[in-house]
Structures are given as structure tokens and as C-alpha cells.
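Visitor: I am new to this structure and would like to learn how its features are read, one at a time. Could you take me through them slowly?

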Amino acid sequence: MKNIVVVGTQWGDEGKGKVVDLIAPHFDIVARYQGGHNAGHTVIVRGEKFVLHLLPSGIVHAGKSCVIGNGVVIDPTALLSEMDELAARGIDFTGRLHISNRAHIILPHHLALERTSEQRRGIRQVGTTLRGIGPAYEDKIGRRGLRAGDLLHPERLKRQLEEIIGEANDILQMRGAEPIALAATVDDLLGKASRIAPFVTDTAVWLNREMSAGKSVLFEGAQGTMLDIDHGTYPYVTSSSGTAGGATVGTGVPPTAITGVLGIMKAYTTRVGSGPFPTELTDATGERLRARGHEYGASTGRPRRCGWFDGVVARYARMINGLTTVALMKLDVLDDFETIDICTGYRLHGEVLDTIPHDAEDLEAVEPIYETLPGWQSPTVGLTDFAQLPTNARRYIARLEALVGCDIGLVSTGPDRHDTILRADSQLAGWLT
Ligand code: GDP
Ligand code: IMO
Ligand code: MG
């Protein structure tokens, strides 16, 4: 039995898409368990680039079964346009895409409400992707959401929309925003429902059955540990559980079925949107990381904030997710730095902390404690053998392993599938045999 969760260990964009694509051939099913089209997972196949938002990255592998689990929120327009775009590029969905009947649907009022709430927060805004993610999860938790299974019942759907949109319009009007037109929303959704319905099923039952028949599942997390609704830098987080535990709640697969957790970790740190970021570099060094790493959002195109590797965040991610092993991404981006800093702890009002304060204002106020390592200043781009890495690069990796308390089983040296070092004696290599 082999059921592995791939999880982001920082603030998202660690390179989850590349790793899922790389290891997907060794699994039978790839399942997304939370988030929505706020995610942007980049996969590069023989020089051809795909950015997956809502569909699991496994979809680019012909014949691989893919699941959009109950923990995901689905914007029907975004789903259909992603499917159309991929179909135009030769990807066939027949019989291999399964959408949970319990996954919640993003509706027009979610986008409108999010715009008004971000405006009202002013300088405290979260800097969301403005895709309706947060308000859709609010409706889910508020027990008034519309689910994918409801798309199969047009009559009921109309009645549900009347209630949901009626309530949302009261709030929108109170905030001075345009109300949502009910009839147009119903018509639009009914049109899309007929295209989505054939894929909708009870994915928890389907997944558990497949697993009983010996099939293996790769769970693809979106966002990252520090964006998790419970464990992240609240309130500057997304609205779902992107940590490893979310994989079970978000698919209906029991925790006892998970056999390992693979943490995806960038060799430095990035963040999109607002909120505390202790190792952020707002100087020329940060700019250099952004330029070398092409750090611009895969979903929104926003420049990503960049900074040094944060060992406090990484250790926390190891604990929260129970990481079995780590994939270290974008090592090549550090190739020409003379020296490289690693944050080993925080100082808050003179006191040394080795864990993350729960309060965003405290986290904003911490001073990172750095250790400086010599750079390697030679190209690692495209290397596939650990022994070929420069000595200082190997030292950097060993220091991160000691700091995080977890083995690094994979080192990524470029965006392509092939720019990868898989360490032969690692737990990860064991999973892939
Ligand atoms: P995800 O959201 O975690 O899937 O990550 P994104 O796709 O948003 O961002 C990662 C970016 O880094 C993408 O543009 C990838 O093509 C790129 N990438 C992944 N691994 C590497 C690597 O090892 N080196 C370099 N230079 N780029 C990489
Ligand atoms: P992947 O899966 C990086 C960030 C947004 C914002 C916060 C809340 O590609 O790693 P939301 O729209 O989710 O309510 O925004 O979360 N965010 C991400 N940052 N990578 C992502 O996904 C993200 N998804 C959301 O920028 O700060
Ligand atoms: Mg991304």
C-alpha cells in the first residue's frame, strides 16, 4: 500500500506541480484535496508548459485517474475553461476525471463579497487572489453552500440559489455594491452544470474502493503550511487546510491509509500577498532571487516577495505535516550567490524563540537569527547526480537537513522534469520503485 501526500511547507509555490508530475507515473490516482483555482501548479513536459489550477497535475499523464475531492471549491467557469484549454492541447478526460459530489461551488456573489471585504480591510487586506475562495468556504462552514452534487438537480438548484443569493444580496447592498442577478446566475449555472455533471460522483466511495483493490493514491496539496487556515499566519492565510491532515478530510480517505508525506521546500522562501514574512529581503538581494527564480505568480502574475530559507518555518512544517522526506526545489537559483543566509531562529523583544508565534503582529516584529554559509558559485542547472553537486551546495543541503530534522530525498535543479536529482538511498526513491 502506498498513499503519499505532497504538501507545501512554506507559503505556496514551492514547486508542488513539478514534483507531482515527476512522481505521478508511480501512482494510480492523483487527488486534489483542498483549495481551488487560487492554486497555480506549473508542469513542464518536454519544454511544453502547463499551469494547472483546479485539475490535479496528474491530468497531463494520459490514462491517469484524477480526483477533485470534497475539500476543493470549484468555480464552474474556471473548471470548464481549464478543461477546454487542456482538451485543445490534446488532453483527454474521458473516464478518468472524478469530481466529488460534496465539493462546494464558487458562485458570483463570492467574488463580489471578497472584493468588498478586501476593500474594507484597507491596509490590513489579505491580498487574496480575488477568486471567491474565502467566501465559498464561508458559505460551506455556514451550512448554506451549493455543492457539485446539487448541479444534478435543476429544480432544487434554482431554489437553493434563490436563498443563497438573496442573503448575499442583502449584504452586498448594505456595502453599497451591485447585487447579483439571480435569473442570469441560474441560467448560466444550469448551462455549465450539464457539462460538469458527467464527472460528478461520490469520490470518497470511489477512492476507498479503488484503494481496497490495491490502487495507490498521490494526494496533491495546494498552497502551503503557512497559508493553512489553522496553522498558517492567520489571518493572512487561505481558507482551507493545505497541510497533510487536510488530505484525509478533503477526500474521505481515512488517516490510517496515508503511508507517507512528502514536503516540498524551496531552497529559499517566497510569499505572494500580504502578511508577515520574517526572512523577506526588500533589497537588491531579494530582487536578485526574484529575477533568477522568475518569482511571479503562476495564477495572478503578481511579483512574489522573496527571502532567505527560514528554518523555523521548515521545522514547524515538518512537525505539523509529519514529513517523511523532503524535495528541495530551485537549488539552481542560488548558484551565483557569494554567500547564503539561513534563518535558524527568531528573536522577539530580545528573547530567542525557536517556534512560530501565533500572533501575526508578533511574527511581523521578530528578527531572524541568521547563519551565513559560503555559496558555490558554479552552475547546478540540470544536474541529475548528487555527487556532481559542488561541495558547498552539498554542505548547504546537509545543513538544511540537520535544521529541518528530515532527509532531503530529491533536489531539483531546474523547472523541467529531467532537472532532478533523486537520491538513490532515500525513502522517496523507495516509494518510486
Ligand atoms: P507550485 O504552486 O508549488 O506548483 O509552484 P509554482 O508552479 O507556482 O511555482 C514554481 C515555479 O518554479 C514554476 O515556474 C516552476 O516551473 C519552477 N521550478 C520548479 N522547480 C524548479 C527548479 O528546481 N529550478 C528552477 N529554476 N525553477 C523551478
Ligand atoms: P499554490 O497551490 C501562493 C495566497 C494569496 C493570499 C492568500 C489568500 O500555487 O502554491 P486566497 O485567494 O486563497 O483566499 O488568498 O493565499 N495564495 C497563494 N500563494 N501559492 C498559492 O497556491 C496560493 N493560493 C493562495 O496570495 O496571500
Ligand atoms: Mg503556485
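Visitor: Is R290 buried or exposed?

Guide: A residue is called buried when its relative accessible area is under 20%, exposed when it is over 50%, and partly exposed in between, using a 1.4 Å probe and the protein chains only. R290 has a relative accessible area of 14% and is buried, while E287, at 40%, counts as partly exposed. This is a predicted model, in which local features need pLDDT of at least 70 and side-chain atom pairs count only at pLDDT 80 or more, whereas totals for chains, interfaces and linings use all residues; side-chain values use heavy atoms, with hydrogens and water left out. Residues are numbered from 1 along each chain as its sequence is written, and chains are lettered from A and ligands numbered from 1 in the order in which they are written.

Visitor: What do the side chains of R290 and E287 form where they meet?

Guide: Side chains of opposite charge can pair when their charged atoms come close. A salt bridge is a side-chain nitrogen of Lys or Arg within 4 Å of a carboxyl oxygen of Asp or Glu, and R290 and E287 meet in one at 2.6 Å, N to O. Both residues lie in helix α9 (residues 284–293), 3 residues apart, which is about one turn of the helix; helices are DSSP runs of H or I with at least four residues, strands are runs of E with at least two, and both are numbered from the N terminus. Elsewhere, salt bridges that share partners join D13, K266, E295, R304 and K330 into one network.

Visitor: How many salt bridges does a search of the whole structure find?

Guide: The search finds 20. One of them pairs the side chains of R195 and D84 at 2.8 Å, N to O, and it links distant parts of the chain, since R195 is in helix α6 (residues 182–196) and D84 in helix α2 (residues 76–88), 111 residues apart. R195 is partly exposed at 42% relative accessibility, and D84 is partly exposed at 39%. Another salt bridge joins E85 and R89 at 3.9 Å, N to O.

Visitor: Which residues are the closest to ligand 2?

Guide: A residue is near a molecule if one of its heavy atoms lies within 4 Å of it. By that rule 20 residues surround ligand 2, and the closest are D13, K16, H41, T129 and T238. A polar side-chain atom of K16 lies 2.7 Å from an oxygen atom of ligand 2, and a polar side-chain atom of H41 also lies 2.7 Å from an oxygen atom of this ligand. K16 belongs to α1, where it is buried.

Key:
Polar contact = N/O pair within 3.5 Å; in protein donor to acceptor, adjacent residues only side chain to side chain.
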